[in-house]
Amino acid sequence: MGDHPPFPPSTQIEVVSIATSEPADYGRTVTRWALDDIAATIVNQKAAEMISRSTIWRILNDADLKPHKSVYWLNSHDPDFEAKAKDICRLYVHSPQLYEQGRLVICSDEKTGMQILERKYPTLPVEPGKPERREHEYIRHGTRALTASFVVPTGEVIWDLGITRTSEDFARHLRHVSQHFGPCQGIDWVLDNLNTHWSLDVCRTVADLCGIPIVERDLKTGLQRRAFLTDPTHKHVFHFTPKHGSWLNQVELWFSVLARRFLQRGDFRSAEDFEHRIQAFLDDYNQQWAHPYRWTYTGQPLVRDTPFSRTRRQQQRGRACFSPRAKTYQRILYPPRPYNATAAN
């Protein structure tokens, strides 16, 4: 037992409250909290006895708070975000049934600016106790753009590799994918809002693939073109993700696989070497690794439901508390889940 009694719940709540606020709210000139700043603020605000850095750290660690860290996030201001997200999630859920009926759900996008880098000096292989060591200096051999389509029910990837990423390139890719599958009932395309995805060239290609005439003077504006491409009566129907919601596109998941397994440690002698090796990788992926993704997002807000005292991190540290009653500061700061998540219909 130490010389001082444990700090009461009110002090713990005060520490958490300060850590989750802006320093300027308490008259501090810094832009992020440090342990010393929190301790000084508590003393100045309440004229309380000194609280140590280690005590503040333990309180913040129990609350799973890291005020010294910061990450970027992207907020969508699309007023129709929920409706668009649910429409796309519904496509993902029903894609196996649509596939059996002869209709495909395909996610398409471009990965641009793939740098073709050659390490100036040889990479040293992994050794016992030493990881692989790569030279930081490199020689550039240009860049390439990959236009890829991920088939949701099967996981197959169809691609086109080139130097540019224009509306003509994307229209050519649409025709390539359509010819790859041959006759089918139709295709639902999931795309982001890049202007090359709803250009006049794309409208001409879709009209040709659907076998319908178009009047180009009626497709002068982006709104008119998007309305034409999203017409549910067409054989090829576009579904645009919400603004700042391109993470709803499953091909982004596959792009992360491409980056981790091929691009990050790549060492390419020339542009031709890069093109040959990426095509070999893509062929190998389709033959051995292609699989559909298990999509769990339903369009509902993501809310944490597990109490912090019962998380795996706390269990590993031997601090798991399985009491049916949460701690005082948890009951105040982390109210119960406000809704029950439902699956997409």
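**Helix packing and burial in a predicted model**

Helix H8 (residues 251-263) and helix H9 (residues 271-289) pack with their axes 12 Å apart and at an angle of about 120°. This angle makes H8 oblique to H9, because angles under 35 degrees count as roughly parallel, over 145 as roughly antiparallel, 65 to 115 as roughly perpendicular and the rest as oblique. The axes are lines fitted to C-alpha atoms, for helices over the stretch in contact, and the angles run from 0 to 180 degrees between N-to-C directions. The model is a predicted one, in which local features need pLDDT of at least 70 and side-chain atom pairs count only at pLDDT 80 or more, while totals for chains, interfaces and linings use all residues. Residues are numbered from 1 along each chain as its sequence is written, and side-chain values use heavy atoms, with hydrogens and water left out.

The pair can be followed residue by residue. Trp254, Val257, Leu258, Arg261, Phe262 and Leu263 in H8 meet Phe274, Arg277, Ile278, Phe281, Leu282, Tyr285 and Trp289 in H9, where contact means heavy atoms within 4.5 Å. By class, this contact of H8 with H9 has 11 nonpolar, no polar and two charged residues. Here Ala, Val, Leu, Ile, Met, Phe, Trp, Tyr, Cys and Pro count as nonpolar, Asp, Glu, Lys and Arg as charged, and the others, Gly among them, as polar. Helix H9 is also the place of aspartate 273. Aspartate 273 is buried, with a relative accessible area of 11%, since buried means under 20%, exposed over 50% and partly exposed in between (1.4 Å probe, protein chains only). Leaving aside residues up to four places away in sequence, aspartate 273 touches Asp267 and Phe268.

Stepping back to the whole protein chain, the secondary structure comes to 11 helices and five strands. These are DSSP runs numbered from the N terminus, helices being H or I with at least four residues and strands E with at least two. Of the 345 residues of the protein chain, 38% count as buried. Among contacts with a separation of 6 or more, 68% are accounted for by residues 24 or more positions apart.

Eight of its 11 residues are buried, so H6 is largely enclosed by the rest of the structure. What covers these buried residues includes helix H5 (167-181), helix H7 (222-229) and strand S5 (236-240). One of the buried residues is Cys210, with a relative accessibility of 17%. H6 is followed by glycine 211, whose phi is positive, near 70°.

A strand gives another example. Valine 151 lies in strand S2 (residues 138-151) and counts as buried at 1% relative accessibility. Valine 151 and leucine 104 are 47 residues apart in sequence, and their C-alpha atoms are 7.3 Å apart in space. Not counting residues up to four places away in sequence, valine 151 touches Leu104, Val105, Ile106, Glu156, Ile158 and Phe181.

Aspartate 64, in the loop between helix H3 (53-62) and helix H4 (81-100), has a positive phi of about 55° although it is not a glycine. Aspartate 64 counts as partly exposed at 24% relative accessibility. Histidine 244, found in the loop between S5 and H8, has a positive phi near 60° and is likewise a residue other than glycine. At 34% relative accessibility, histidine 244 counts as partly exposed.
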